Amino acid sequence: MITLYVFGPAFGLPDASPFVIKAEMLLKLSGLPYRKQPGSMRRAPKGKLPYLDDDGRRVPDSTLIRLYLAEQYGISLDAGLSETDKALGLERGMPVQRSSVLVRGA
């Protein structure tokens, strides 16, 4: 079973990190069984949360988790989108992700 390592609820949100929330939404949308567990940044592959462990294979970073789910399980959350729309989605998501890191001071 997939384990998603997270910070935990804070500020009235399911998790303090938008990246953890993104990773969990990816797992929910995939329909794969998973569990959440409090993580340690010291044990995390990139020193950050979230990361997932899939039977010993550790995958860091919410974007890499998305790519891993697509490659390993054939899950495409972009089904029905043109290549242009897929590229625009990635392009528009990156500044938002960068700015949320800056706001949090990480």
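## Overall composition

Of the 106 residues in the protein chain, 30% are buried (under 20% relative accessible area with a 1.4 Å probe, protein chains only; exposed is over 50%, and partly exposed lies in between). This is a predicted model, in which local features need pLDDT of at least 70 and side-chain atom pairs count only at pLDDT 80 or more, while totals for chains, interfaces and linings use all residues. Residues are numbered from 1 along each chain as its sequence is written, and side-chain values use heavy atoms, without hydrogens and water.

The protein chain contains 3 helices and 4 strands, arranged along the sequence as β-α-β-β-β-α-α. Helices (H or I, at least four residues) and strands (E, at least two) are DSSP runs, numbered from the N terminus.

## Nonpolar core

The largest nonpolar core comprises 14 residues, and Ile2, Leu4, Leu52, Ile65 and Leu69 have the most contacts inside it. Such a core is a set of buried Ala, Val, Leu, Ile, Met, Phe, Trp, Tyr and Cys residues joined through side-chain atoms within 4.5 Å. Strand 1 (2-6), helix 1 (18-30) and helix 2 (62-73) each give two or more residues to this core, with helix 1 giving the most, 4 residues.

Leaving aside residues up to four places away in sequence, Ile65 touches Leu4, Ala23, Pro50, Tyr51, Leu52, Val59 and Pro60 (contact means heavy atoms within 4.5 Å).

## Leu77

Leu77 lies in the loop between helix 2 and helix 3 (83-104). This residue counts as partly exposed because its relative accessibility is 33%.
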